[in-house]
Each structure stands twice: as structure tokens, then as C-alpha cells.
Amino acid sequence: MRLCVLGLGYIGLPTALLLSQKHQVVGVDINQKIVNTLNSGKLPFNEPGLDELLTRAHGNFSAAQKVVEADVFIIAVPTPLEGSMKIADLKYVRSAAEMISLHLKDDNLVILESTVPPGTSERLVIPILRRSGLKTFYFSHCPERAIPGNTIFEIVNNDRIIGGIDKTSNERTKAIYASFVKGNIYLTDAKTAEFVKLMENTFRDVNIALANEFAQIAEESNVDVWAAIELANKHPRVKILKPGPGVGGHCIAIDPWFLTENSTKFKIIPIARQINDSMPNNVLLLVRKLLKELKEPTIAVLGVAYKGDIGDARETPAMKFIKLAENEGFVVKVHDPYVKEFDYKILGAEDAVKDSDCIILITDHNVFKEIDPVKMAKLVRKKNLVDTRNILDHEKWRKAGFTVEVLGKISH
Ligand code: SAJ
């Protein structure tokens, strides 16, 4: 079978490479750099297991900037948020569908993996494909569900939802995914599949917001929220998530808005978004508490990736925190061992911490646990630490002379 995968990002590329183990696959991306990098046998980004897949793809995979004829087309392009309006920007989905419509042949199958607002397949994508003039093409929405940092394992092992426009679309899509998915595959219609995907990410966002609200109430009540959550989670039906400096990434902070954009019936979803978006402000309160009236302080931010052990800084809550801190007149220095591209210069750990008045841990990278507080104490100007993820050994830092504030925890 010949497949054409549109969008070679963190879902499209692993999917294309998994498919190329059994089929002929052309991966299409508008970014020439990505296409050239792949065609020279290199990866445009890292993800565990991706290099092995590329090596194993042999002659079955190639990258191109233009759509080619195929039996099956998979759309895995980004669906960003029109920031201030809180609605989906579907320009990449629209243009992918337009490009496919020019190459569509009888009996072709088109699969949409990108996350979209409910009804997008029926109202936008299928009408564009119909412009090809064909009566018999097949279509399904098969939303991706894999977590960055463990994408390939999850693409292979997670259950999948397929929402086809008819029985044949469902069966043909299932046959394709069954060639590399070990999880169960469930069949439904396109709009339900769109809704399911959005509910999953909204569920996580709302639950993180609840953990963040618990953290703030706990601070006010002089309770250690981390200890309290651990105990509450001993209940067989309770699983509270972790508080933190906010929610980042290109999914959880965005997708809940796709659910609300055509609705008048929502209440909790925007409130949860607001709580998570306000967490950088709460981190700043902890920093102010430590710095008091210090004039022109310098602060060191540890971690700008949106979550631990990855190099992805998209929608990171670190950005809002840094901007708020700059607006207070703070000088901000930044360190992250994994992030390569960021609006601020990324320094080595020691350079970032040197002569700073407060260290603020934003991202839960495991390597930060190895930092020696005694060494840090010699570098800094003032010994202050804010741990927004509760991952450091606070006793060790206090012994080295640091005053420590932990998000969601009473200070000592
Ligand atoms: N976070 C917390 N507390 C927690 C868990 C996460 O503050 O207890 C924060 C993280 O630090 C991060 C953000 O939330 O800033 C999101 O991280 P995440 O690990 O929850 O999720 P993503 O955005 O990396 O991936 C999510 C996943 N969705 C769900 O778990 C429901 C993934 O399965 C999806 O495929 C992905 O979105 C997507 O592409 O939609």
C-alpha cells in the first residue's frame, strides 16, 4: 500500500515511520529543512526510538514538500489556537485537505489525526475533499493520543478510537492501524471521535486545575498539599494530579477551547483554564515573599521545557513567569539542559545561578535532583530557592543555607 502522511511533526513522523516498516510511505511537510534533514538520514527532533525506526525504514520512507498520489492519506498537521479569540486555527488542516483533493482517486482513504473542534470533519474537511469530484472516497478521524517523551511506545500500545463516515471507512482505517497498534481499536463516528479526544485533554486540564486550586487553599491553610494529596490518593477512587507552575504544551492548554468554541453550555472548562494560566502569577508571589524589598534582583530560572525530561518549550508556563518577573524589574537568567530553541538565551546551570538572588525551579527535569546545593550556595548572591514541583531535597538545600519556598507547602 502507498501512504502519504501530511505533517512530519511529533505525531506525523513517528506514525509515518511506523507505517513504513510494512508500506511505502511518503512524508510531506511544508518545511524544507525538515524534508532535507530526513532525506539525508537524520532526524529533525529527538524522541526515544525514532532513530531506530528511521534506520529500519530502509527504502520505504522518503520526505517531500508536495503531496503525491497514494492509496491512503493521513493528515497530522498542527491545529494551533487563535490566541486572543480562543478558537481553533484550522488553516493547516484546510490546506492539507485542499492539497489532497487535487490528488484524490476513486477508493482512496483520508484519515485525519489532528485534534479539531467537534464537527470539523463533516463541516470543513469532507466538503473540501468532495471538490475532487469523486463519489467514492473514504474518510475517518483517528485522533492521536500519544504523550511527548514516550510517543512511539504510546502510539503502539495505547488503544485507538476511529470515527469513520461509514462502515468501509472504519474497517479500512482499522486495518491500517492494526498493522502497528497493539492496543484495542474502537470504532465510532467522526464527530464522536473528535469529541472523545477533546474530552480526554480537557479532563486532564480540569484535574490539574483542581490540584492547583488545592495547592493555593493549602498554602492559605498552612497545610502541605503534597503530603495531603499522597494521603487522599490512598482512597480507592481518588487520583489527584500534581500542582505546578501551570500547564504547557501544544495540547492540554489549547484543546479545551476547541470544545467550548461552538458551545454556550460550558462553565468549568474556562475556569480551569484560568486557574492553570494564573499559576505563574502564584509562583511570582512566592518569589516576592523571599525577595521582599530587594532592589533590582536577579533571578535564575531552572527549566523552561513545559514538562520534565523533554526539550519542548511550546506554551511553557515558564514564559509567562519570566515575562511577569521582567515586568517587576527583575533580571532573569535561564537554564534548561534540554531546550534548544527559546526566546531567551539558555545558559549553563552555573552561569544562570551565578550572582542570582533567587533560584526558581519551574520544570521537573530529573537531572535537577542531582544539583549540589553547597556548590550553588557559593555561586549565588542570596540563598533563596522556590521549588514549584516539589522535587528537590529541601532539607539539603536548607542545610546549605537556602531559604526554601515550595508551591503548595507551608514555609519553615
Ligand atoms: N502537569 C501538571 N500536573 C500533572 C500533570 C501534568 O502540572 O499532574 C502539566 C505538565 O507539567 C505540562 C502539562 O500539564 O505542563 C501537560 O503535560 P501532560 O503530560 O499532562 O500532557 P501532554 O500535553 O504532554 O500530552 C497530552 C496527553 N493527554 C492526556 O494525558 C489526556 C497525551 O496523551 C496527548 O496525546 C497529548 O496531550 C496530545 O497530543 O493531545
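Me: How many Å separate the centres of domain 1 and domain 3?

Reply: In this predicted model, the centres of domain 1 and domain 3 are 38 Å apart, taken over C-alpha atoms. Domain 1 covers 2-183, domain 2 covers 198-271 and domain 3 covers 278-406.

Me: Which residues is Ile299 in contact with, leaving aside its neighbours within four places in sequence?

Reply: Among them are Val287, Leu291, Phe321, Phe330 and Ile360. Contact requires heavy atoms within 4.5 Å, so each of these residues has a heavy atom within 4.5 Å of one in Ile299.

Me: Why is His141 called buried?

Reply: The relative accessible area of His141 is 1%. Buried means under 20%, so His141 is buried. His141 is placed in strand 8 (residues 138-141). Beyond its neighbours within four places in sequence, His141 is in contact with residues including Leu112, Glu113, Ile161, Gly163 and Glu194.

Me: What makes the pair of Leu112 and His141 a polar contact?

Reply: A polar atom of the His141 side chain lies 2.8 Å from the backbone oxygen of Leu112. The cut-off for a pair of N or O atoms is within 3.5 Å, so the distance of 2.8 Å meets it.

Conventions. Residues are numbered from 1 along each chain as its sequence is written. This is a predicted model: local features need pLDDT of at least 70, side-chain atom pairs count only at pLDDT 80 or more; totals for chains, interfaces and linings use all residues. Side-chain values use heavy atoms; hydrogens and water are left out. Helices (H or I, at least four residues) and strands (E, at least two) are DSSP runs, numbered from the N terminus. Buried means under 20% relative accessible area, exposed over 50%, partly exposed in between (1.4 Å probe, protein chains only). A polar contact is a pair of N or O atoms within 3.5 Å; within protein, one must be able to donate a hydrogen and the other to accept it, and residues adjacent in sequence count only if both atoms are side-chain atoms. Domain bounds come from an automatic or database domain assignment.
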